[in-house]
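Here is a short briefing to read with the model open beside you. Take it one topic at a time, and follow each named residue in the viewer as you go.

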Amino acid sequence: MEIAARLTVRKKLFLFLGGITLLRLFTAGSFELSLDEGYYWLWSKHLAAGYYDHPPMVAYVVALTTLFSDAEFFIRLGPVAGALVSSLILYRLAVCLFDDERAGFYAVLIANITLVFTVGALIATPDAPLIPLYIAGMLLFLWAARSEPGKRKSYAVWIAAGAAAGGALLSKYTAAFFFPCAFLYLLVSPNCRLWLKRPEPYIGAVVSFLVFLPVIVWNARHDWVSLAFQASHGLSSVKGNPFELFAEFAGFQIVLYSIGIFFFLFAAGISLAGKLFIPSPSPSSGLDPRAGEAALFLFSFSFPILLFFVLNSFRTRIEGNWPILGFIPLMVQAGGMAATWKELSAQMRLFKFAAAIAVLMLIVLHVQIINPVIPHPQRYEISRRIYGWKFLAEKVDHARKKIDAAFLVSNRYQIASLITYYADPPINAYLPGKNGDLRFYFLPHPDGYKGKNALYLTEEGRDDSAKIAPLFERMEKTGTIDIVRKGELIRRFTLYLCYNYRGGLEKS
């Protein structure tokens with residue numbers, strides 16, 4: 001009976017993952033690239049150990065999946081595969097912690113019906129490789145902490161955990177949270193504290209450092225530009241009421257984690273915190289003595305990260321996906337809780353209702369991406385970021401042929417990259433100023449185009465053609481290009497013909 005029940009759970013898991021993966025594969029090629037995807041695609045054509053914004057893993061993934069085609073589908077094949085791999089590892093992590101396959105199934109279900117996970121499974125971003133590698137690091141670290149000290153297998157698992165954590169760091173700098181969280185668990189767990197006196201964890205940490213070392217070397221050779229940018233981007237203060245900033249952060253998280261599901265994750269966090277104040281039960285109590293260890297593990301990998309972003313949200317704006325590494329352990333805990341509820345219990349009925357709302361939100365999201373039907377505030381309307389780039393590139397191509405333009409200048413790196421992608425053939429595009437020189441350091445230096453013609457493309461409200469004009473013999477405004485969808489103006493651009501480039505774009 002037990003074997004049959006387990007097979008049933010696994011069948012449900014595979015059917016669910018198979019269905020949602022097919023849906024993602026169908027959706028992945030049905031819409032244009034989003035703002036940053038063109039930028040990461042451009043990285044994949046110029047592979048390096050680091051870039052201005054992030055470590056390089058997303059570029060490696062895109063380069064792998066676009067070996068035979070640069071179509072949108074193949075650029076997004078990595079995120080779709082990453083979501084599937086993440087789900088399978090998350091399942092195994094929950095099973096290892098709760099010794100219950102239903103906990104694994106519910107953890108996977110919860111993750112995959114949240115908006116933040118679904119968007120990450122459809123858009124090529126650094127989070128796409130980060131999440132599977134980070135969860136793999138957590139699972140391997142758990143296995144390592146439970147292994148027998150001094151054995152060859154123990155050393156191997158610690159090394160594998162270090163390699164996975166290093167791979168996560170190659171994906172995104174927020175993976176650095178892994179190390180203080182892992183140290184906290186070893187410190188507070190009575191069963192695992194012995195590892196602090198053993199060499200294995202430190203060998204694993206050295207492996208992580210070696211995996212990440214190329215990014216450090218790249219930063220050292222480029223004036224630490226990437227680390228400095230992220231420190232400024234994520235830690236700098238902004239003007240505004242601290243409580244309004246926090247309310248914006250909290251509200252965005254509630255929506256991204258699909259409203260009802262968010263509150264189940266919140267309840268999971270309260271459950272974790274509560275378990276820490278209850279002494280570990282003795283085997284004779286009839287309770288699972290590993291439950292306390294599971295709570296310590298999930299608490300250690302969740303609360304430090306969430307606390308950091310909550311506190312930081314009072315002083316700066318937090319992007320919606322940043323705290324996701326802190327929510328992953330709560331998904332595991334919520335899955336463990338759901339596995340203990342009876343089918344007709346009030347908790348399960350409430351959970352099913354929240355899950356149904358989340359699924360409805362997912363359906364709306366997929367429809368909105370392909371064919372928007374529900375009005376949204378412009379700031380939160382994702383389809384505005386993935387519409388009109390082909391049309392804009394066609395207009396650029398027409399002007400390009402008119403004056404035989406050798407390159408393009410824009411004042412947003414996303415627009416420059418998307419035009420490079422959709423132009424036929426691709427055209428090198430640059431930003432003015434030192435910032436642009438750093439972002440596109442891998443392209444030929446623009447001064448190599450001295451004496452040639454160019455195009456300047458700017459979005460309405462961002463026109464700084466007065467700064468660009470001295471770099472050319474003359475500039476000629478061609479008019480505006482309107483991106484219109486269903487009668488609504490989405491974006492408006494101005495295009496300039498620029499004759500006889502004199503040099504100095506990076507100094508403008």
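Two strands count as paired if DSSP finds at least two bridges between them. With that in hand, β1 and β3 are a pair: they run parallel and are joined by four bridges. Please keep in mind that this is a predicted model. The points below start with the sheet, move to the helices packed on it, and end with a tryptophan and a cavity elsewhere.

**The sheet**

- Five strands form an open sheet in the order β2-β1-β3-β5-β4, and the pairing is mixed.
- The edges belong to β2 (429-430) and β4; each has a single partner strand, so one side of each lacks a neighbour in the sheet.
- Between β4 and β5 the pairing is antiparallel and extends over 12 bridges.
- In that part of the sheet, Ile481 has Phe493 of β5 opposite it.

**Strand β3**

- How many residues of β3 are buried? Six of the six are, so the strand is largely enclosed by the rest of the structure.
- Ala454, Tyr456 and Thr458 point to one side of β3, while Leu455, Leu457 and Glu459 point to the other, and all are buried.

- Helix α18 covers residues 389-403, and at 1.5 Å a residue its 15 residues should span 21 Å; the end C-alpha atoms are 21 Å apart, which agrees.
- The buried residues of α18 are Trp389, Leu392, Ala393, Val396, Asp397, Ala399, Arg400 and Ile403.
- What lies over those buried residues? The cover includes the strands β1 (407-410), β3 (454-459), β4 (472-485) and β5 (488-501), along with helix α19 (413-422).
- Just past the end of α18, Asp404 adopts a positive phi of about 55 degrees.
- Returning to the sheet, β4 and β5 are the antiparallel pair with 12 bridges. α18 packs on this sheet through contacts with β1, β3, β4 and β5, and its direction makes about 20 degrees with that of β5.
- α19 packs on the sheet as well, touching β1, β2, β3 and β5, and its direction makes about 150 degrees with that of β1.

**Trp158**

- Trp158 sits in helix α9, which covers residues 152-171.
- Is Trp158 buried or exposed? Its relative accessible area is 4%, under the 20% cut-off, so Trp158 is buried.
- Leaving aside residues up to four places away in sequence, Trp158 touches Phe141, Ala144, Ala145, Ser147, Leu186, Trp195, Glu200, Pro201 and Gly204.
- Ala231 is 73 residues from Trp158 along the chain, and their C-alpha atoms are separated by 29 Å.

**The cavity**

- The structure holds one cavity of 30 Å³ or more, and the largest cavity has about 30 Å³ of space.
- Which residues line the largest cavity? They are Ile110, Phe264, Ala334, Met337, Ala338, Trp341 and Phe351.
- Helix α16 (residues 324-338) gives the largest share of that lining, with three residues.

Conventions. Residues numbered from 1 in each chain as written. Predicted model: local features only at pLDDT ≥ 70, side-chain atom pairs only at ≥ 80, totals over all residues. Heavy atoms only, no water. Helix = DSSP H or I, 4+ residues; strand = E, 2+ residues; numbered from the N terminus. Expected span 1.5 Å × (residues − 1). Buried < 20%, exposed > 50% of the residue type's maximum accessible area, 1.4 Å probe, protein only. Contact = heavy atoms within 4.5 Å. Axes fitted to C-alpha atoms, helices over the stretch in contact; angles between N-to-C directions. 1 Å grid on protein atoms, 1.4 Å probe; cavity = no way out; pocket = protein on both sides within 12 Å on 5 of 7 lines; lining within 4 Å. Points joined across faces, edges and corners; volume = space filled by probe spheres on them.
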